[in-house]
Amino acid sequence: MELIEGIVIAYSKYKDNDTVFNILTKNSLQTALGIGSEKFTNKINKLRRSFLYGEFDLYKGPTNTTKIRDCKIYNDFSSKFKNLEDLMILDFLTELTFKCLIENDEYLKYFDTILNVLNNYDSQYNTKYMLILYYFATILKINGVQPAFRNCIECGSSNVSGFDILRGGVVCNEHFSPSTIDCNDENFDILSNIFTLNIDEIKDIALDWNKFKEILNHLYNLFVFSFNVKLNSINTINTL
């Protein structure tokens, strides 16, 4: 028997009635099998939730496969996502986190960031959008993308005029391009905030849905440019 504190990042059906769970712990990404968990009467069925947080009771079967015996649930964060927008965001968080975790082993940073963001997430308030942008920016930073906000990334000039998404930092007038956001634009302030402020400074800032989508797409362009990884959930969000 092994007890681990973890968060369900993703799960998928396996064979007839089993489920494969990907559980993030403070020091690993653990894969475990939930035998018979596709059945509603199975006690493991209740764990089939993205971002369910708890203490998992694991054991090794005869084939040395890690399996789930049970879980003491601390918080089912998926219950915080109540409407269509929330469900789209939940799908995005799941896809982004899982795809980035495969390529990066900074497990504790992911673990702490996820808990901080989800503990502060509230479906009723527009502050939730800034939290999600902050999470995306933090994931980028964990994976080595740290935009420069002081001097032009091309020439070092301190007389900057905009933020260039594809070049990952601020630029001066001479290096302004079609992918640059003007410094006077509200978008520049939002981008600067999500990369430089901490969660306590971010969590009370409100955005509307359309502004959220606009900034999300700026971050996504930076994400694709940096890692050449695409997220299907972004397309879903853009349909609403």
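I started with the lining of the largest cavity, where α2 gives the largest share, 3 residues. Helices here are DSSP runs of H or I with at least four residues, strands are runs of E with at least two, and both are numbered from the N terminus. This is a predicted model, where local features need pLDDT of at least 70 and side-chain atom pairs count only at pLDDT 80 or more, while totals for chains, interfaces and linings use all residues. Residues are numbered from 1 along each chain as its sequence is written, and side-chain values use heavy atoms, with hydrogens and water left out.

**Cavity.** A cavity is a set of points, on a 1 Å grid over the protein atoms alone, where a 1.4 Å probe fits but cannot get out; lining residues have an atom within 4 Å of a point. I found 1 cavity of 30 Å³ or more, and the largest cavity holds about 40 Å³ of space. That volume is the space filled by probe spheres set on the points, which are joined across faces, edges and corners. I listed the lining: F51, L93, T97, I114, V117, L118 and Y135. α1 (84-103) and α2 (107-120) each supply at least two of the lining residues.

**Core.** Which residues touch the most other members of the largest nonpolar core? They are F92 and I194, in a core of 61 residues. α3 (127-142) is among the elements that each supply at least two residues of this core, and the largest share, 12 residues, comes from α3. A nonpolar core is a set of buried Ala, Val, Leu, Ile, Met, Phe, Trp, Tyr and Cys residues joined through side-chain atoms within 4.5 Å; buried means under 20% relative accessible area, with a 1.4 Å probe and protein chains only. I then checked I194: leaving aside neighbours within four places in sequence, I194 is in contact (heavy atoms within 4.5 Å) with M130, L133, Y134, A137, I202, I215 and L219.

**Strands.** I moved on to β6 (residues 160-164), where 4 of the 5 residues are buried. Strands pair if DSSP finds at least two bridges between them. β6 runs antiparallel to β7 (residues 169-172), with 4 bridges, and β6 also pairs with β8 (residues 180-182) in the antiparallel sense over 3 bridges. I followed G162: its bridge partner in β7 is V171, and in β8 the partner of G162 is D182. β6 and β7 form a hairpin with 4 residues between them, and G168 in the turn has a positive phi of about 70 degrees.

Definitions and conventions. On a 1 Å grid over the protein atoms alone, a cavity is a set of points where a 1.4 Å probe fits but cannot get out, and a pocket is an open set with protein on both sides within 12 Å along at least five of seven lines; lining residues have an atom within 4 Å of a point. Buried means under 20% relative accessible area, exposed over 50%, partly exposed in between (1.4 Å probe, protein chains only).
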